[in-house]
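These are my notebook entries on a structure that I had not examined before.

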Amino acid sequence: MNSVNWHPTKFQMDKLVEANQEPFVADEYIERLVWRTPGGGSRGGPEAFDPKRLLEEFVNHIQELQIMDERIQRKVEKLEQQCQKEAKEFAKKVQELQKSNQVAFQHFQELDEHISYVATKVCHLGDQLEGVNTPRQRAVEAQKLMKYFNEFLDGELKSDVFTNSEKIKEAADIIQKLHLIAQELPFDRFSEVKSKIASKYHDLECQLIQEFTSAQRRGEISRMREVAAVLLHFKGYSHCVDVYIKQCQEGAYLRNDIFEDAAILCQRVNKQVGDIFSNPETVLAKLIQNVFEIKLQSFVKDQLEECRKSDAEQYLKNLYDLYTRTTNLSSKLMEFNLGTDKQTFLSKLIKSIFISYLENYIEVETGYLKSRSAMILQRYYDSKNHQKRSIGTGGIQDLKERIRQRTNLPLGPSIDTHGETFLSQEVVVNLLQETKQAFERCHRLSDPSDLPRNAFRIFTILVEFLCIEHIDYALETGLAGIPSSDSRNANLYFLDVVQQANTIFHLFDKQFNDHLMPLISSSPKLSECLQKKKEIIEQMEMKLDTGIDRTLNCMIGQMKHILAAEQKKTDFKPEDENNVLIQYTNACVKVCAYVRKQVEKIKNSMDGKNVDTVLMELGVRFHRLIYEHLQQYSYSCMGGMLAICDVAEYRKCAKDFKIPLVLQLFDTLHALCNLLVVAPDNLKQVCSGEQLANLDKNILHSFVQLRADYRSARLARHFS
């Protein structure tokens, strides 16, 4: 059997299929072989099993597999040899192709060099031809110009180019060249012909401009472009541009807003100017310059000159509005191509319009702000029927003030303001609004180098009228209106001044941060403004502290009057010890009611930590007053119980302060009052209790001495 052309039998094909199954498992293969062999499996039971036949089948099968293996191996070897032979033939063919490719590439290089050589020759030949042709063309052109020049010499223009109106373009080209030639000729010999050429030059120029004007009115862009290209070499080209600019603006300003009209005009021209002129950016820049220097400048002058001297407020508003709208228009025009430095170009145009108004802007601004602020304040005081009084400073006035602060002596009568604080939030809002508008105008209208200095000037005016003329005056008036501490039924309205002053301070500080800081943040004026603000606030706070301190003294004085008027000696040493029906004294009730009212007023008048600070000071003084007040009386057993009830009520009142120190002081005072009623034998034990153990023995002794039985019970022995 030929191994290469070997074709397996069906049996052998089955064996090949089984052997090539993936994965191949020998045990399973043998099991299948056994199962197919008669007498080799379990079919028919043990009696049907034939080991000899099974062995014979195994031997035959192994022989067949060996034969199959040998044949397949020979076929594989044959195919490998055939594959190697084909690989060698393919490699040989590739080498031949590479050699052919190298030959082709060499031919290509030779062809390229030849083409380059030919091209060089052609260029050289072209240069030679051009060198011969150019003088010839110039000679022909010179001959034509001489012919036309002769016609001007003869005084009769016969050529069709001068008589045919449709050839105006060619005529313009010729006359422009003749005009240049005529400039070089001596005047004495050629004056007449030079005059004729100049006259014809002027006539053609006028015709071209007229043609351009007509084409623009008809909207013929292509014709306008042709005429503009011809006029480009004439002296009257600028006049052509002027005509175009003038006609563009005809009917352009129909709305009430000239700035919007100007923006629309420039946008429309920007779209078509490139299709007409060879230098569109120059033409558009000239249009914009014309709009600014003629239309806008005239409009601005009409708007400002009318109210410049008569109405400063309207003048500043108009100036700010016009300048803002002009700069907004400039921003829109920045989108167009106006040349290399359009920012500088537009800035100069704006400056040319407003320079006469911006030079003295800050003087007008500060003058108006001062007069407006003074008017706002005066109108307020007039509404109150109040004549501002002069606040004395220095010398005797300061000496009186310091003595009054330290001693509370009545150095002259206090001023009765009938509860008026002379602080108005409406006035403050008006002043801040005027200043805010001034800051906005300053930001817009000031030169960047002058901006911090101008903003500082506006700030000083705000300080003068808001802080000094209004707030400081109200504080001085409020201080003068605080009665002495021994006054009865005093109206302590200074806390209302404090409340309104705090609100105004917040508004003032907000405007400082929101409107002034951005204008001076990067300049030396920042530290100057911060220092001025600090000085003003410190001055105000000092006066507020003085007023609050004196108000607290008046509160304590009022409590003293209540205690002096309502507290009787018999309250704590009643004649009938068994007939005491009250829980606490009438003086205690009235003092507590007064204190609660003042605490509520303090909480409503202040904010933040200031509330706690003032309440703590009032609480300490309140405690000192009650402590000293209790030491003025002698206490029976029942009177001591009543005193304890009073102090308990005072302590309950002290809880409203929500200040731990004040509550602790009254807790200690309550413990001290227990010494007034404790049994003599238990006195020493109570004195060593938790709340009294840290107190000085002299304080404990002083309270025990207030007992009516101090001598009879010989209580002094407990402190010896």
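At which residue does α10 bend, and by about how many degrees? I found a bend of about 35 degrees at L296, the bend being the angle between axes fitted to the seven residues ending there and the seven starting there.

I noted that this is a predicted model, in which local features need pLDDT of at least 70, side-chain atom pairs count only at pLDDT 80 or more, and totals for chains, interfaces and linings use all residues. Residues are numbered from 1 along each chain as its sequence is written, and side-chain values use heavy atoms, with hydrogens and water left out.

I next checked the length of α10 (residues 280-305): its end C-alpha atoms are 36 Å apart, which agrees with the 38 Å that its 26 residues should span at 1.5 Å a residue. The expected span is 1.5 Å times one less than the number of residues.

I listed the buried residues of α10, among them V283, L287, V291, L296 and V300; buried means under 20% relative accessible area with a 1.4 Å probe, protein chains only. The buried residues of α10 pack against α8, α9, α11 and α12.

Of its 720 residues, 38% count as buried.

Lastly I looked up D472, found in helix α16 (residues 451-481). D472 counts as buried because its relative accessibility is 10%. Beyond four places in sequence, D472 touches C467, Q539, M540 and K543, contact meaning heavy atoms within 4.5 Å.

Terms used
Buried means under 20% relative accessible area, exposed over 50%, partly exposed in between (1.4 Å probe, protein chains only). Helices (H or I, at least four residues) and strands (E, at least two) are DSSP runs, numbered from the N terminus.
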